[in-house]
Amino acid sequence: MAQSALLNASILKKVAMALSGIFLITFLALHVSLNFISIISEDVFNEASHFMGYNPLIQYVMQPILAFGVIFHFIMGFILTAQNSAARPIAYAKYNGAANASWSSRNMIISGLVILAFLGLHFYDFWFPEVSYKYIAGTAPDATRYYGELVHKFHDPIRTALYCISFILLGFHLWHGFASSLQSVGMYNKYSRFLAKVGYWFAVVVPVAFVIIALFHHFNQ
């Protein structure tokens with residue numbers, strides 16, 4: 001009975017982790033789409049960013065939900081990693097990780113920690129200044145400021161390199177995380193091969209798009 005309860009609790013944690021991951025994947029698709037506009041049209045990017053930045057539904061409903069989703073996903077990741085480690089207190093005598101699993105699946109906690117550090121940098125660069133601009137300084141809305149602020153952040157080559165490295169690690173994280181999330185919520189059925197391909201393409205296209213955005217604005221100043 002106790003083992004059954006522990007198993008059910010573990011399954012629920014994995015499902016919760018997967019659902020938060022799918023939610024964040026959806027946000028990533030939206031985020032990269034918005035940012036990619038910045039290399040196509042400065043005016044459209046400013047309009048879209050201004051709408052996102054002052055829309056009450058996005059600011060006071062979706063943004064807190066997103067923040068909760070990010071925190072929840074990382075906490076559950078640490079819990080599940082600790083739980084899996086505790087379940088195997090004695091290391092296998094012979095274990096060839098590379099032969100049994102991909103690098104991305106064996107190092108999810110490493111890529112996750114790098115992404116967490118990247119989020120700290122991202123908040124420092126964009127979210128905190130935005131909060132200061134709107135709620136602390138109380139500056140009047142300026143619908144033309146977003147493009148300039150974005151470009152300015154990619155002036156420094158070191159900061160640009162850090163962003164690009166983080167995006168690459170994000171790709172490794174997504175390579176395993178996308179498929180794992182779908183599998184945990186039972187979406188791997190007769191469409192499993194198609195969904196797996198979608199996940200792999202997403203894990204490549206999204207980070208590459210972010211890298212292109214960063215390099216474009218760095219070299220076009």
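User: Which residue forms a salt bridge with Lys134?
Analyst: Glu130 does, with the closest N and O atoms 3.5 Å apart. A salt bridge here is a side-chain nitrogen of Lys or Arg within 4 Å of a carboxyl oxygen of Asp or Glu. This is a predicted model: local features need pLDDT of at least 70, side-chain atom pairs count only at pLDDT 80 or more, and totals for chains, interfaces and linings use all residues. Residues are numbered from 1 along each chain as its sequence is written, and side-chain values use heavy atoms, with hydrogens and water left out.

User: Where do Lys134 and Glu130 lie?
Analyst: Both lie in helix 6, 4 residues apart, about one turn of the helix. Helices (H or I, at least four residues) and strands (E, at least two) are DSSP runs, numbered from the N terminus.

User: Is Glu130 buried or exposed?
Analyst: Buried, with a relative accessible area of 16%. Buried means under 20% relative accessible area, exposed over 50%, partly exposed in between (1.4 Å probe, protein chains only). Lys134 is buried too, at 12%.

User: Which Arg forms a salt bridge with Glu130?
Analyst: Arg145, with the closest N and O atoms 2.9 Å apart. That pair links distant parts of the chain: Glu130 sits in helix 6, and Arg145 is 15 residues away in the loop between helix 6 and helix 7. Salt bridges with shared partners join Glu130, Lys134, Arg145 and Glu149 into one network.

User: How many salt bridges does the structure hold?
Analyst: It holds 4. One of them joins the side chains of Arg159 and Asp125, at 2.8 Å, N to O. Arg159 lies in helix 8 and Asp125 in helix 6, so the pair ties together parts 34 residues apart in sequence. Asp125 is buried, at 2% relative accessible area.

User: Switching to the core. How many residues are in the largest nonpolar one?
Analyst: It has 33 residues, and Phe167, Leu174, Phe202 and Phe210 have the most contacts inside it. A nonpolar core is a set of buried Ala, Val, Leu, Ile, Met, Phe, Trp, Tyr and Cys residues joined through side-chain atoms within 4.5 Å.

User: Which helix gives the most to this core?
Analyst: Helix 9, with 9 residues.

User: What does Phe202 touch?
Analyst: Not counting residues up to four places away in sequence, Phe202 touches Ile25, Leu28, Ala29, Leu174, Phe178 and Pro207. Contact means heavy atoms within 4.5 Å.
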